Amino acid sequence: MPPSRTWLFFALMLLANYLIMRTLFPPTGESIALPYTAFRDEVAKGNVEAIYNQGQAIEGRLRKAITWPIPGETVPAPPGTSKAEQRLREEPRTSDTFTTVLPTFVGAGLEQFLIDHKVEISAVSIQTGSNPLVTLLFGFGPAILFIAFYVWLFRRAQQGMGGMGGLGGIMGIGQSRARRYDQESTQKVTFDDVAGIDEAENELIEIVDFLKDPAKYQRLGGTAPKGVLLVGAPGTGKTLLARAVAGEAGVPFFSMSASEFVEMIVGVGAARVRDLFKQARDNAPAIIFIDELDAIGRARGQVAIGGASEQEQTLNQILTEMDGFSGREGIIVLAATNQPDVLDKALLRPGRFDRHVVVNLPDRKGREAILKVHTRAVPLAADVVLGEIAAATPGLSGADLKNLVNEAALLAARREVDAVRAKDFTDALEKIVLGPERPLILSDADRERIAYHEGGHAILGLVVPGADPVHRVTIVPRGRALGVTYQRPDDDRYNYPEAYLRAKIVGMLGGRVAEEIVYGTRTTGAENDIEQATQLARSMVTRWGMSERLGAVQLAPRQNAYLGAAGWGGMAAERPYSEETAKAIDGEVSRILAESSAEATRLLREHRRELAALAAALLQHETLDEREILAATGLPPAPALPTRPIGR
Ligand code: ADP
Ligand code: MG
Ligand code: ZN
């Protein structure tokens, strides 16, 4: 349990305790203070059961509770009573105990009066029940017990782990909460629901086959793979694939997310793993699926302090369990991760997760197939061509495409049309890629400046060889940007030439350069452009060996191919190169940026007229598509990069 949940747990415990005590021992209410005359009236009515007298003060118990003061009546207050005090005196309270003070002039006649009205004259205080010590014990005793029990549980889990057995029966803490998907699972997923990642699918089909007919594979002495690791970017369909395997295999499927193993109570994770594998063994042949394996599979000794020992124990337990079966039981462990490089090497050894299935981002054909799957239940207008949408969406994952279809359907519904049209898809894509439009009132001067800024990016997208085609320019604020120039390659790219990266940096700096040329001043509007350009230039120097001066040396940690995050293995601060090299890197990055900025300046000066025309068109129409951009500037699309080998 994370700490916050622990506190919640305690708070709930205290509340429950309070409520239980409240019902078992309802509060009697504080006794009311009766004036002597009212006391006499109650005695006369026969409502006073017993009194206890000490000096002039009397405590007493009534037969029937009364409310005092009688609601609505004002109570005369002695002079000098504060307002708050007076309000308190006037607030009616109900109780069956009371106090009163005898006037000094009351004679012995009172005794006879009391006896006549059957009032018991008590020898001990009437209100023993409200002794503060007793109240305290009643109120907190159970809470203390609960806390003691919790501490005991904690200790026990910390020392013994394994011994959760009997306790597990009561509390279920050590048991895995694995969900079991069977063939007749309500929402069955099959390979029909998975598209565009055929290689990964084929590898898993083999696994399914094996589980259906192990004998066929064992005939020649082969053994089944024990562990299969699905590796890929978020949203590429790893979880989906695993569920499809379950749907197809017709064997019990135990699924669990690794983050669920990680609990505050040390040892519980390991107990859960044990239970998970036991369930699978009892039901073999079976599949175990551990999602987000990196949550526990992180290399040992590299984990933040605190969660470390728990995570290690859980990881060790997984290793032990995987070593414990021979591959003949028919249990296959699937796991998914988007950070394969942080995984503990021990997990990847032969006999453990030795098979890796890479789930790639879908290519154009794949995207079309995925769109087909997700538009099965969506009525499409005649102008929708899924192939075109697929072509317009390089880099989108299966999950993104599913989201795109959903956004388009929602848009179409809001526009009250009967089928989703191509335009709905275009607008939905724009919303996903560029962010939603933002209602922001800008001054005319700001709008003009933004028009020139975006115009600068767009013109360079037309005149720099190898630049990605400009599909849209807008000066409507979207997402976090004040304006957007949307460029994207016409097809999927896997390898980027240096000249292409240079063209990209030149284009990124175009907005700021245009502002400088036109206004002679700078604004904060180029922050994001500068950031991106700098990152790209730095990668060229440190990762891709594109600097003559530094050469082909790895100077930056390898990026996680699936998340884009980077880190030098262990401690972050250490750089495996000298101070001079660091200076040289900075110098090279600055040089690339300066050269690119100069190139952008040269090109935009040269096309100053086209820039002005484009800015004017933007101010008038706010958003321009590719055709309109070409028309406004009178320029042709950017020429391609030369691709012929040198020297032939
Ligand atoms: P991951 O586990 O790789 O992060 P998921 O499997 O959770 O991705 O994908 C989320 C959703 O996106 C899936 O439930 C599915 O609807 C959709 N999706 C992702 N990839 C595909 C695909 N290849 N084919 C069809 N749908 C997909
Ligand atoms: Mg997932
Ligand atoms: Zn910009």
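**Salt bridges, ligand shell and local backbone features**

The salt bridges number 26, in a model that is predicted. Side chains of opposite charge can pair when their charged atoms come close.

Glu 430 and Arg 478 form one salt bridge, with an N to O distance of 3.2 Å. Glu 430 belongs to helix α18 (residues 422-434), and Arg 478 to the loop between β12 (470-474) and β13 (484-487), so the bridge ties together parts 48 residues apart in sequence. Both partners, Glu 430 and Arg 478, are buried.

A salt bridge also links Asp 586 to Arg 538, where the closest N and O atoms are 3.1 Å apart. Asp 586 sits in helix α22 (residues 579-606) and Arg 538 in helix α21 (residues 527-542), so this pair, too, ties together parts that are 48 residues apart in sequence. Asp 586 has 38% relative accessibility and counts as partly exposed. Arg 538 is partly exposed as well, at 34%.

Helix α22 also holds both partners of the pair Glu 599 and Arg 602. Their closest N and O atoms are 3.1 Å apart, in a salt bridge. The two residues are three positions apart, about one turn of the helix. Glu 599 is partly exposed at 30% relative accessibility. Arg 602, with a relative accessible area of 44%, is partly exposed too. Elsewhere, shared partners join salt bridges into one network, made up of Arg 415, Arg 421, Lys 423, Asp 424 and Asp 427.

The shell comprises 17 residues, of which Ala 195, Gly 235, Lys 238, Thr 239 and His 374 come nearest. By class, the shell residues divide into eight nonpolar, six polar and three charged. Three helices each supply at least two shell residues: α9 (238-249), α15 (364-374) and α17 (398-414).

An N or O atom in the side chain of Thr 239 is 2.7 Å from an oxygen atom of ligand 1. A polar backbone atom of Leu 240 lies 2.9 Å from an oxygen atom of the ligand. On the side chain of His 374, an N or O atom is 2.8 Å from a nitrogen atom of ligand 1. Ligand 1 taken alone exposes 560 Å², and the protein buries 82% of that area.

Backbone angles were also considered. Most residues other than glycine have a negative phi, and most peptide bonds are trans. Glu 416 has a positive phi of about 55°, although it is not a glycine. This residue is placed in the loop between α17 and α18. Its relative accessible area is 70%, so Glu 416 is exposed. Glu 622 likewise has a positive phi, near 70°. The loop between α23 (608-621) and β14 (623-625) contains Glu 622. At 33% relative accessibility, Glu 622 is partly exposed.

A nonpolar patch lies on the surface. Leu 8, Leu 12, Leu 15, Tyr 18 and Leu 19 form this patch, and together they have about 520 Å² of accessible area. One of these residues, Leu 15, is found in helix α1 (residues 3-24). Leu 15 is partly exposed, because its relative accessibility is 47%.

Definitions and conventions
Residues numbered from 1 in each chain as written. Chains lettered and ligands numbered in written order. Predicted model: local features only at pLDDT ≥ 70, side-chain atom pairs only at ≥ 80, totals over all residues. Heavy atoms only, no water. Patch = residues over 30% accessible without salt bridge, like charges linked within 9 Å, V, L, I, M, F, W, Y side chains within 5 Å. Areas by Shrake-Rupley, 256 points an atom, 1.4 Å probe, with all protein chains shown as cover. Salt bridge = Lys/Arg side-chain N within 4 Å of Asp/Glu carboxyl O. Helix = DSSP H or I, 4+ residues; strand = E, 2+ residues; numbered from the N terminus. Buried < 20%, exposed > 50% of the residue type's maximum accessible area, 1.4 Å probe, protein only. Near = heavy atom within 4 Å. Polar contact = N/O pair within 3.5 Å; in protein donor to acceptor, adjacent residues only side chain to side chain. Nonpolar A, V, L, I, M, F, W, Y, C, P; charged D, E, K, R; others polar.
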